[in-house]
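Reader: I am new to this structure and would like to learn how to read its features one at a time. Could you take me through them slowly, with the general idea before each case?

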Amino acid sequence: SILSDEEAYSTWHGGQRCIVAIDESDEMACIKLARHFGLEAKRCGVVLQERKPAVHILSKFTGEMFTYE
């Protein structure tokens, strides 16, 4: 059976190995450090102050946007 985008991200996190929340000013230093250890790293999103917590995901599989609340 084929998984929906929501199932792929909720079960296997869409294939991400690790997500680190850091201050925006530390982004390049964190990426350089990861590369130093042979790891691929890139920005995957931003944290916003909102009234209602949610995660919005643009699927790398289908290009569709969905939200976890």
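Predicted model: local features only at pLDDT ≥ 70, side-chain atom pairs only at ≥ 80, totals over all residues.

Reader: Where does Asp 5 sit, and how should I read the name of its element?

Author: Helices (H or I, at least four residues) and strands (E, at least two) are DSSP runs, numbered from the N terminus. Asp 5 belongs to helix H1, which covers residues 5-12.

Reader: What does it mean to call a residue buried or exposed, and why does Ser 59 get its label?

Author: Buried means under 20% relative accessible area, exposed means over 50%, and partly exposed is in between, with a 1.4 Å probe and protein chains only. Ser 59, in the loop between E1 and strand E2 (65-68), counts as buried because its relative accessibility is 4%.

Reader: Which side chain does Asp 5 join in a polar contact?

Author: A polar contact is a pair of N or O atoms within 3.5 Å; within protein, one must be able to donate a hydrogen and the other to accept it, and residues adjacent in sequence count only if both atoms are side-chain atoms. The side chains of Asp 5 and Ser 59 are joined by such a contact at 2.9 Å.

Reader: Which residues touch Asp 5, and which touch Ser 59?

Author: Contact means heavy atoms within 4.5 Å. Leaving out residues up to four places away in sequence, Asp 5 touches Ser 59, Phe 61, Thr 62, Glu 64 and Phe 66. With residues up to four places away again not counted, Ser 59 touches Asp 5, Tyr 9, Glu 64 and Phe 66.

Reader: How many salt bridges does a search of the whole structure find?

Author: A salt bridge is a side-chain nitrogen of Lys or Arg within 4 Å of a carboxyl oxygen of Asp or Glu. A search of the whole structure finds three of them. In one, the side chains of Glu 24 and Arg 43 meet at 3.1 Å, N to O; this pair links distant parts of the chain, with Glu 24 in the loop between H1 and H2 and Arg 43 in the loop between H2 and E1, 19 residues apart.

Reader: Why is Glu 24 counted as exposed, and what label does Arg 43 get?

Author: Glu 24 counts as exposed because its relative accessibility is 59%, whereas Arg 43, at 42%, counts as partly exposed.

Reader: Which other residue does Arg 43 meet in a salt bridge?

Author: The side chains of Arg 43 and Glu 27 meet in a salt bridge at 3.0 Å, N to O. This pair also links distant parts of the chain, since Arg 43 lies in the loop between H2 and E1 and Glu 27 in helix H2, 16 residues apart.

Reader: Where does Lys 52 form a salt bridge?

Author: Lys 52 forms a salt bridge with Glu 69, and the closest N and O atoms are 3.8 Å apart. Lys 52 lies in the loop between H2 and E1 and Glu 69 in the segment after E2, 17 residues apart. Lys 52 and Glu 69 are both exposed.

Author: Lys and Arg count as positive and Asp and Glu as negative, while His and the chain ends are not counted. Asp 5 is buried yet has no salt bridge, and the nearest side chain of opposite charge, Lys 60, is 11 Å away.

Reader: Where is Tyr 68, and which residues is Tyr 68 in contact with?

Author: Tyr 68 is found in strand E2 and, at 30% relative accessibility, counts as partly exposed. Apart from neighbours within four places in sequence, Tyr 68 is in contact with Glu 6, Tyr 9, Ser 10, Ala 54, Val 55 and Ile 57. The side chain of Tyr 68 reaches the backbone nitrogen of Ser 10 at 3.4 Å.

Reader: How far apart in space are Pro 53 and Tyr 68?

Author: Their C-alpha atoms are 8.8 Å apart, and Pro 53 and Tyr 68 are 15 residues apart in sequence.

Technical notes:
Residues numbered from 1 in each chain as written. Heavy atoms only, no water.
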